[in-house]
Amino acid sequence: KMNMQIKPQETNAISTMRVEHVLLSTSDYDATMAWWTDMLGFNIKIEWTVPEFEGVRLAYLEKNGFMIEIVGQAESFQKRSIPNDLPEHLSDNGFSHLAFVVDNVDEVMSELAAKGVEPFFPATSFPDVGRRVAFIKDNQGNFIEFAHDLEE
């Protein structure tokens, strides 16, 4: 299993911090909204526009208490190169993928395959860290990891 060190409970303003959402920019708002709702079952919490940001559409998608903020704007998007394999993907700077804990990676990958989603990295066990993981890409080439703990 992973060697995580547990610190004593903090009692300051930063200690109240918890994950709420991540922002995903897209040049195809409608297709991205459809992909995340159809393929991964996210629900649309709210959609909106900001008058000062002409042509920009925004939404919060939610699943099990976690949100993804989708921001769509056709102009001004720069295409980025998409890595060809996992080592290349891991060599990117910055945030590089979302990871979701699931009950069974193989079952998730099977359900996604039935929807036409190809694996980017097939379900693989890593006994040294006690995890089984698999990766896919969304409609925009963003990487998504699914993981579960291996039985002891």
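R132 lies in strand β7, where strands (E, at least two residues) and helices (H or I, at least four) are DSSP runs numbered from the N terminus. The model is predicted: local features need pLDDT of at least 70, side-chain atom pairs count only at pLDDT 80 or more, and totals for chains, interfaces and linings use all residues. Residues are numbered from 1 along each chain as its sequence is written, and side-chain values use heavy atoms, with hydrogens and water left out.

**Surroundings of R132**

- R132 has 18% relative accessibility and therefore counts as buried; buried means under 20% relative accessible area, exposed over 50%, and partly exposed in between (1.4 Å probe, protein chains only).
- The side chains of R132 and D106 are joined by a polar contact of 2.7 Å. Such a contact is a pair of N or O atoms within 3.5 Å; within protein, one must be able to donate a hydrogen and the other to accept it, and residues adjacent in sequence count only if both atoms are side-chain atoms.
- A polar atom of the R132 side chain lies 3.4 Å from the backbone oxygen of A123.
- Not counting residues up to four places away in sequence, R132 touches V105, D106, A123, T124, S125, F146, A147, H148 and L150, contact being heavy atoms within 4.5 Å.

**Strand β8 and its partners**

- Of the 7 residues of strand β8 (residues 143-149), 6 are buried, so the strand is largely enclosed by the rest of the structure.
- Strand β7 (residues 131-137) pairs with β8 in the antiparallel sense over 7 bridges; two strands pair if DSSP finds at least two bridges between them. A134 stands opposite F146 in β8.
- The hairpin of β7 and β8 has 5 residues between the strands, and G141 takes a positive phi near 90 degrees there.
- Strand β5 (residues 97-101) pairs with β8 in the parallel sense over 5 bridges, and V101 has A147 as its bridge partner in β8.

- β1 and strand β4 (residues 66-72) pair in the parallel sense over 6 bridges, with S25 opposite V71 in β4.

**Helix α1**

- In helix α1 (residues 29-38), the buried residues are Y29, T32, M33, W35 and W36.
- Seen down the axis of α1, these buried residues fall within an arc of 165 degrees, so they line one face of the helix; the arc is that of the directions from the helix axis to the C-beta atoms.

- I70 is placed in strand β4 and, at 0% relative accessibility, counts as buried.
- Leaving aside neighbours within four places in sequence, I70 is in contact with residues including Y29, T32 and M33.
- I70 and L23 are 47 residues apart in sequence and 6.0 Å apart in space, C-alpha to C-alpha.
- M67 also lies in strand β4 and counts as buried at 7% relative accessibility.
- M67 and E20 are 47 residues apart in sequence, with 6.1 Å between them in space, C-alpha to C-alpha.
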